[in-house]
Amino acid sequence: MTTTAAALACTAAELLAVMGARALHDDSTVFAGVGTPLLASVLAQQRHAPRLTIVIEGGIIGPRIKPGRLPISTNEMRAAHRATMLPGITDTFLFAQRGFLDVGFIGGAQIDQFGNINTSTIGGDYWRPKIRLPGTGGANDIASLCREVIILTTHEKRRFVPRVDFVTSPGWRDGDGTRRGAGLLFGGVSRVITTLGILGFDPATKRMRLEATHPGVTRETVREHTGFPLLEIDDVAVTEPPTADELAMLRALDPERRFLR
Amino acid sequence: MRDGDHVAIGGCLYSRTPMALVREILRERRRGLTLSRNLMCYEGELFMAAGAVERVVTAWMGVGLPWGISRIVRHFVESGTVALEEWSHLAIGLRFRAAAMGVPFLPSLTMLGSDLMGVGGMKTIEDPYTGATVAAVPALFPDVALIHVHRADRFGNCQIDGYAHMDADIARAATTVLVTAEEIVPEEQTRAHPDRTVIPGVVVDALVHVPFGSFPHEAYGLYEADFDHFGDYTGAIEARGPSAVNGYLDRYVYGPPTFADYLDVFGGERLARQSRRARELTEPFAAFAERDA
């Protein structure tokens, strides 16, 4: 997957940030974690969405991130730089529960064909897992409470599994209305932006499908790197490669390349 | 503090962590504790390595994104030595808020449809008005709350600058509330800006004046988190394995008898550098505060 990015003369993180930024609209709100999601959000703000309101789970609304001082966590001064409101963490999530957040960006260690995400445990049982991951952080709430969820991730077979070991953040759960049935009133995963292309979900079954590949990536390559049978739309598109302008803006935000590796 | 207490830690990750209080509890060699914190940083790892904690209630645990998955958490949780009870970030917040409000639970949409529901025993209820399914997030009443604030007067009225995290709810929720403050101010200063008070003195049991009381974690506007220190800490674990944390405990917790001695291990230059970096990031706020003064 890094070869794709290399062919486009950018890193995997840059590719994801550019594609993520393009998915955001002006006059909207985005719930963003640190790293690629925040880079995508700030790039969108600079490039085409100046009135995009960024919300960060540390209890921060409307920050203007200082170039070269990208936050490392969602709860620190860099994340709060020139914010318009610091409402506290619980209330920040309650804004989402009330429906004020248009888009949420999340990633994850494992993702399955219904867009469920695992960032908790792999293998073993919950209390004695084979691998203990850091946990949900804000991801469960972002996945449950934003009106639209976009997943940003590298595309690897070990990551794209038929069924996640543990559903930390619900996507479409088991398809067929099970997300709504569990009590989640709105939202759901709309897109999975990866280092190979852009995936969506079949409207009826909520199973993942290929909708676009990045330049130079074949549909076969995407399938080979996916651990479950991937549906495809009839006319799989090819994305526009990152432009020199987009990459220059990104690199100015992270000159030390702390996140753009 | 007693062995076996449920201790809620204020702040969030490496922001306004009540480090001076954490250090003292470790020095008292408490055992069998349950710790709760929305996002747990390496202070939780210190409790694990010290053998002080049995259960951690949190939404996330690690040092921070660039430092990767915590080897200490993996070591103690995968072996079954410490239970990591995971809730969503909002659920942790609502658990403290429900307790702060004096109600047994709060309805919410958080965690519905996820496997987190089965971890800490969250139950759903039927909305008596519409019949819809909602999560009943249970109140969490800690025995002890540890909180670090920017300023307090001698009656324990506390003010916090910048993000509030969950501290105001935690203080109301806990039975015993221990506070450290960067600055002790005259009562008249509280009365001049009562809208800034987030924890009233009536809920505070003890207050101690501890400048740099979160260091090397941050206090908004006063000092930035010392990322170099985090790198040294995780680097030692990378190099020597989990036992490196015991060395850290000796050097920073058991060794220095007072908090001033602890700060001396970092050195005044490091403290000054981190203070300068905080001012760079909060300059508009600082300028406003100066004009206001």
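These legends describe close-up views of a predicted model.

**View 1. Chain B meets chain A.** In this predicted model, 59 residues of chain B are in contact with 50 residues of chain A. Several elements of chain B give two or more residues to its side of the contact, including strand 5 (60–61), helix 3 (71–78), strand 6 (83–86) and helix 10 (268–281). Helix 4 of chain B gives the largest share, 5 residues. By class, this side of chain B has 32 nonpolar, 19 polar and 8 charged residues.

**View 2. Helix 4 of chain A and its cover.** Helix 4 of chain A spans residues 89–97. Its buried residues are A:Ile89, A:Thr90, A:Thr92, A:Phe93, A:Leu94 and A:Ala96. Just after helix 4 of chain A comes A:Gly99, with a positive phi of about 100 degrees.

**View 3. B:Arg97, a buried residue in helix 4 of chain B.** B:Arg97 sits in helix 4 of chain B. It counts as buried because it has 25 C-beta neighbours inside 10 Å, where 20 or more are needed. Beyond its neighbours within four places in sequence, B:Arg97 is in contact with A:Thr90, B:Leu106 and B:Asp169. A:Thr90 is one of the buried residues of helix 4 of chain A.

**View 4. Helix 2 crosses helix 8 in chain B.** The axes of helix 2 (residues 42–49) and helix 8 (residues 244–254) of chain B come within 10 Å and cross at roughly 105 degrees. The two helices are therefore roughly perpendicular. Helix 2 brings B:Glu45, B:Leu46 and B:Ala49 to the contact. Helix 8 brings B:Val245, B:Asn246, B:Leu249 and B:Val253. By class, there are 5 nonpolar, 1 polar and 1 charged residues.

**View 5. Helix 2 packs on helix 3 in chain B.** Here the axes of helix 2 and helix 3 of chain B lie 10 Å apart, at an angle of about 45 degrees. That angle makes helix 2 oblique to helix 3. The crossing is left-handed. B:Glu45, B:Met48 and B:Ala49 of helix 2 meet B:Ile72, B:Val73 and B:Phe76 of helix 3. This contact has 5 nonpolar, no polar and 1 charged residues.

Key. Residues numbered from 1 in each chain as written. Chains lettered and ligands numbered in written order. Predicted model: local features only at pLDDT ≥ 70, side-chain atom pairs only at ≥ 80, totals over all residues. Axes fitted to C-alpha atoms, helices over the stretch in contact; angles between N-to-C directions. Helix = DSSP H or I, 4+ residues; strand = E, 2+ residues; numbered from the N terminus. Parallel < 35°, antiparallel > 145°, perpendicular 65-115°, else oblique. Contact = placed C-beta atoms within 7 Å. Nonpolar A, V, L, I, M, F, W, Y, C, P; charged D, E, K, R; others polar. Buried ≥ 20, exposed ≤ 12 C-beta atoms within 10 Å, placed from the backbone. Left-handed = near helix turned anticlockwise from the far one by under 90°.
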